[in-house]
Amino acid sequence: MTNNPINNPAVLDELPVGTEIRDADGDAGFKAQGGGWQVIGYTWALDSDWFRFPVEVVEPTSETAELVADLTGPLTMPALRSELRSVVADIRSGAAAGALPEVLGRLERLLAPAGRL
């Protein structure tokens, strides 16, 4: 199981086809080809918000573990968008030549996998 519990259906939507997950109630599902989730007892694919959170990946690969860590980490999508807007504004406003390394550093920190920088 993953070390990072998933608490958001949007994270489940990003997992690759074939990923197995288990929710807080013990229900297990596999990511289907069409983007939904196959769960025993249901003949149709379920949406990611069907599961009871937190959800964990059952047998994570290095790729799924890193993806979950990145998507569930402390940098949420609204915070990421806000920081990217700020960086773009700094670049557009013609930040002083001396500020460019700081702006690039901010971008590098945003792009670094969780806990790697």
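Reader: Is W50 buried, exposed or partly exposed?
Author: W50 is partly exposed, with a relative accessible area of 30%. Buried means under 20% relative accessible area, exposed over 50%, and partly exposed in between, using a 1.4 Å probe and protein chains only.

Reader: What should I know about the model and the numbering?
Author: This is a predicted model: local features need pLDDT of at least 70, side-chain atom pairs count only at pLDDT 80 or more, and totals for chains, interfaces and linings use all residues. Residues are numbered from 1 along each chain as its sequence is written, and side-chain values use heavy atoms, with hydrogens and water left out.

Reader: Back to W50. Which residue does W50 form an aromatic pair with?
Author: W50 pairs with F51, edge-to-face, at 5.1 Å centre to centre and 85 degrees between the planes. Rings of Phe, Tyr and Trp (its six-membered ring) pair if their centres lie within 6.5 Å; planes under 30 degrees apart count as stacked, over 60 as edge-to-face and the rest as tilted.

Reader: How many aromatic pairs are there by that rule?
Author: The count comes to four aromatic pairs. One of them is W37 with F51, edge-to-face, with 5.8 Å between centres and 85 degrees between planes.

Reader: What does the W37 and F51 pair tie together?
Author: W37 lies in strand β3 and F51 in the loop between β3 and β4 (56-57), so the pair ties together parts that are 14 residues apart in sequence. Strands are DSSP runs (E, at least two residues), numbered from the N terminus.

Reader: And are W37 and F51 buried or exposed?
Author: W37 counts as buried because its relative accessibility is 0%. F51 is buried as well, at 3%.

Reader: Which residues make up the aromatic cluster?
Author: W37, Y42, W44, W50 and F51 form one cluster.

Reader: New topic. What order do the strands take in the sheet?
Author: Four strands form an open sheet in the order β3-β2-β1-β4, with antiparallel pairing. The edge strands are β3 and β4, and each pairs on one side only. Two strands pair if DSSP finds at least two bridges between them.

Reader: How many bridges join β1 to β2?
Author: Three bridges join β1 (residues 20-22) to β2. I21 has G29 as its bridge partner, and R22 stands opposite A28.

Reader: And β2 with β3?
Author: β2 and β3 (residues 37-39) also pair over three bridges, antiparallel. F30 stands opposite Q38 there.

Reader: Which residues are on the covered face of β2?
Author: G29 and K31 are on the covered face of β2 (residues 28-31), while A28 and F30 are on the uncovered one.

Reader: What about the hairpins?
Author: The β1 and β2 hairpin has five residues between the strands, and G26 takes a positive phi near 90 degrees. The β2 and β3 hairpin has five residues between the strands, and G35 takes a positive phi near 105 degrees.

Reader: Last one. Where is D23, and what does the side chain of D23 reach?
Author: D23 is in the loop between β1 and β2. Its side chain reaches the backbone nitrogen of R52 at 3.0 Å.

Conventions:
Polar contact = N/O pair within 3.5 Å; in protein donor to acceptor, adjacent residues only side chain to side chain.
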